[in-house]
Amino acid sequence: MSWVWTDILCHPFWAVSTVLLGLITRSQRRGSWDPRACAVQLKGKTAIVTGANTGIGKFMALDFARRGARVILACRSEARGSAALKEIRERAGNTDVHLRLVDTSSLDSVRAFAEKINEEEKALHILVNNAGVSGLPRGITKDGLEVSFATNHLGPFLLTRLLLDLMKSSAPARIINVSSVNHRKGKVDFSHFRGDNLTYKLDVVYNHTKLHNVICTNELARRLQHTGVTANSVHPGVVMTEMMRHYNFIIRSIFNLIGLFFFKSAEEGAVSTIYCAVAEETEGITGKYFDSDCSLALPAPLARDTALAAKDFEICERLTSKL
């Protein structure tokens, strides 16, 4: 009997070895920093997490609540936000967790949210800009902005600016912008903000928005020097969340199948952001990019261009300013 190469691939050895490799990979996905071993308490501190009703955002909020913080879940969906609120309060044993609605794709919604926070809150010590989307079709918001850029970058950019005075008065305080390693594949073209010259293929637009996250975080950190407020960007890792919900069924299925073995869970994906937000080791660090294993990493060359950062920041200020 003769063998062909396809017979080798169909041998049970390959199935068994693939499963074993997947299990080994899963066991090594956690970084060296374990939030459960971190004794830092946040009693008397206030934290805001956008996109906190699901995925990594929910686990960030849960961690802060377990540490005793007053936590504000900034969510777009009232129904899903209320469900997350109930779950976090119960699991953390902390009733000082609250839901506030915001849609980061709408500048009016961001302004209304920030106005309410500034009126109701006496302090703000942690701001995590986590809400984001990927794979959306082309769309223009009523503000004239491309919808993915509005949701992932310009909305969070405006939110941060509107809360800066509160954070400065609460210093020391930390701003963490959830970016992605995919920012390395992004490009800077300021016409993208208005939806021009964009290619809508897989995660291309998402990658551009994540690059702007890192660029503007670095510039924000420069502007916040000596204020006691730090700003850093972080890659959570490749995580099994609802981020892929806007992709077609085949792509989602492949992603989920591979992810069972090789991608982080939402709880694991929250770790690097929690590290930036609470760890004593990251106190005072600003203008940096953290990888998914909680280590400092160099971002893409474009993200290290200070002249580009200043220009990007100024354009974002203009685009998000009230006329």
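Q: Where does helix 6 bend, and by how much?
A: In this predicted model, helix 6 bends at L163, by about 45°.

Q: Then how far apart are the ends of helix 6?
A: Helix 6 runs over residues 147–169, and its end C-alpha atoms are 32 Å apart. With 23 residues at 1.5 Å a residue, the helix should span 33 Å, so the two values agree.

Q: Is helix 6 mostly covered or mostly exposed?
A: Helix 6 is mostly covered, as 18 of its 23 residues are buried.

Q: What caps its N-terminal end?
A: E146 caps that end of helix 6. A side-chain oxygen of E146 lies 2.8 Å from the backbone nitrogen of S148.

Q: Changing topic: how many cavities of 30 Å³ or more are there?
A: The structure has three cavities of that size.

Q: Which element gives the most to the lining of the largest cavity?
A: Helix 6 does, with five residues. Among the residues that line this cavity are H153, P156, F157, T160 and R161, along with C216, T217 and F313. Helix 6 and helix 7 (204–223) are the elements that give two or more residues to the lining.

Q: And what classes of residue make up that lining?
A: The lining of the largest cavity has five nonpolar residues, six polar and one charged.

Q: What about the second largest cavity, which residues line it?
A: Its lining consists of N129, A131, N152, P156, N177, V178, K210 and N213. Helix 6, strand 5 (173–178) and helix 7 each supply at least two residues there. By class, this lining comprises three nonpolar, four polar and one charged residues.

Q: Back to R161 for a moment. Which side chain does it meet in a polar contact of 3.3 Å?
A: The side chain of R161 is joined to that of T320 by this contact. R161 also belongs to the lining of the largest cavity, whereas T320 is found in helix 11 (residues 306–320).

Q: Is T320 buried or exposed?
A: T320 has 1% relative accessibility, so this residue counts as buried; the cut-off for buried is under 20%.

Q: Which backbone oxygen does the T320 side chain reach?
A: The side chain of T320 reaches the backbone oxygen of C316, at 2.7 Å.

Terms used:
Residues are numbered from 1 along each chain as its sequence is written. This is a predicted model: local features need pLDDT of at least 70, side-chain atom pairs count only at pLDDT 80 or more; totals for chains, interfaces and linings use all residues. Side-chain values use heavy atoms; hydrogens and water are left out. Helices (H or I, at least four residues) and strands (E, at least two) are DSSP runs, numbered from the N terminus. The expected span of a helix is 1.5 Å times one less than its number of residues. The bend at a residue is the angle between axes fitted to the seven residues ending there and the seven starting there. Buried means under 20% relative accessible area, exposed over 50%, partly exposed in between (1.4 Å probe, protein chains only). A polar contact is a pair of N or O atoms within 3.5 Å; within protein, one must be able to donate a hydrogen and the other to accept it, and residues adjacent in sequence count only if both atoms are side-chain atoms. On a 1 Å grid over the protein atoms alone, a cavity is a set of points where a 1.4 Å probe fits but cannot get out, and a pocket is an open set with protein on both sides within 12 Å along at least five of seven lines; lining residues have an atom within 4 Å of a point. Grid points are joined across faces, edges and corners, and a volume is the space filled by probe spheres set on the points. Ala, Val, Leu, Ile, Met, Phe, Trp, Tyr, Cys and Pro count as nonpolar, Asp, Glu, Lys and Arg as charged, and the others, Gly among them, as polar.
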